[in-house]
Amino acid sequence: MHWTDERVELLKKLWSEGLSASAIATELGGVTRNAVIGKVHRLGLSGRAKAPAPAPQRRVKPTRAPSHPLRPQTTAPVVRGNTALATQIIPLAVIEERPEPELRPIEEVVIPMSERVTIMELRDHMCRWPLGDPGREDFRFCGSRVGPTGPYCSHHASIAYQPVLDRRRDRDRERRTARA
């Protein structure tokens, strides 16, 4: 496709009227939108009157009256009329409250300051349980002999780790109460 003088004049006219490149391409025929944009830039036709874009109209939903008047909630649903084919309402199972597990204080065993160690004194066989605020100067680690469970002494390991059987038992109990 060649840009003839007539087609260039028509392009200039349509561009100044504010038509889009797609609309101009359709009007000219046999030319793409990108070809129109390229020719506009080569001709230096940057300033043009833009067609005012219609403002998007917002739909306003009509307000309507509620289909039923608001009623205060009652504890039991009210069934009126013929109930022979009505679905039976089964109350939800009452969830029994479990007693809170007894929480042991974290510091049951008082470790004398002389047995506590700094990070520089900490060795492989010493308990790594932190004691105090790490930002303070008196921050130390437990330093007791580690047990077979890992980086903590037996006392601190009992605080840090929950036995697997207890977790399973709690999870199974929660599933049973959810199904009931």
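Q: In what order do the elements of the protein run from the N terminus on?
A: The predicted protein has 5 helices and 2 strands. Read from the N terminus on, these elements follow the order α-α-α-β-β-α-α.

Q: What percentage of the residues of the protein count as buried?
A: The accessible surface of the protein comes to about 15800 Å², and carbon and sulfur atoms account for 55% of that surface. Buried here means under 20% relative accessible area. Of the 180 residues of the protein, the share that counts as buried is 18%.

Q: Why do the buried residues of α2 lie on the same side of the helix, and how wide is the arc they cover?
A: Helix α2 spans residues 21-28, and its buried residues are A21, I24, A25 and L28. They lie on the same side of α2 because the arc they cover around the axis is only 100°. An α-helix has 3.6 residues a turn, so residues three or four places apart point the same way. The value asked for is thus the arc of 100°.

Q: Which exposed residues does α2 carry on the face turned away from its buried side?
A: The buried residues of α2 pack against α1 (5-16) and α3 (33-43), and the helix is followed by G29, whose phi is positive, near 75°. The face turned away from the buried side carries two exposed residues, T26 and E27.

Q: What is the angle between the planes of W129 and Y152?
A: The count of aromatic pairs in the model comes to 2. One of them joins W129 and Y152, with 5.3 Å centre to centre, and this pair is edge-to-face with an angle between the planes of 75°.

Q: How many residues apart are W129 and Y152?
A: This pair links distant parts of the chain, since W129 sits in the loop between α3 and β1 (130-131). Y152, for its part, belongs to the loop between β2 (140-141) and α4 (154-160), and the separation of W129 and Y152 is 23 residues.

Q: Why is the pair of F139 and F141 edge-to-face, and at what angle do the planes lie?
A: The ring centres of F139 and F141 are 5.2 Å apart. F139 is buried at a relative accessible area of 17%, and F141 also counts as buried, at 12% relative accessibility. Planes over 60 degrees apart count as edge-to-face. The pair is therefore edge-to-face, with its planes at 70°.

Definitions and conventions:
Residues numbered from 1 in each chain as written. Predicted model: local features only at pLDDT ≥ 70, side-chain atom pairs only at ≥ 80, totals over all residues. Heavy atoms only, no water. Buried < 20%, exposed > 50% of the residue type's maximum accessible area, 1.4 Å probe, protein only. Helix = DSSP H or I, 4+ residues; strand = E, 2+ residues; numbered from the N terminus. Arc of directions from axis to C-beta. Contact = heavy atoms within 4.5 Å. Areas by Shrake-Rupley, 256 points an atom, 1.4 Å probe, with all protein chains shown as cover. Phe/Tyr/Trp six-rings, centres within 6.5 Å; stacked < 30°, edge-to-face > 60°.
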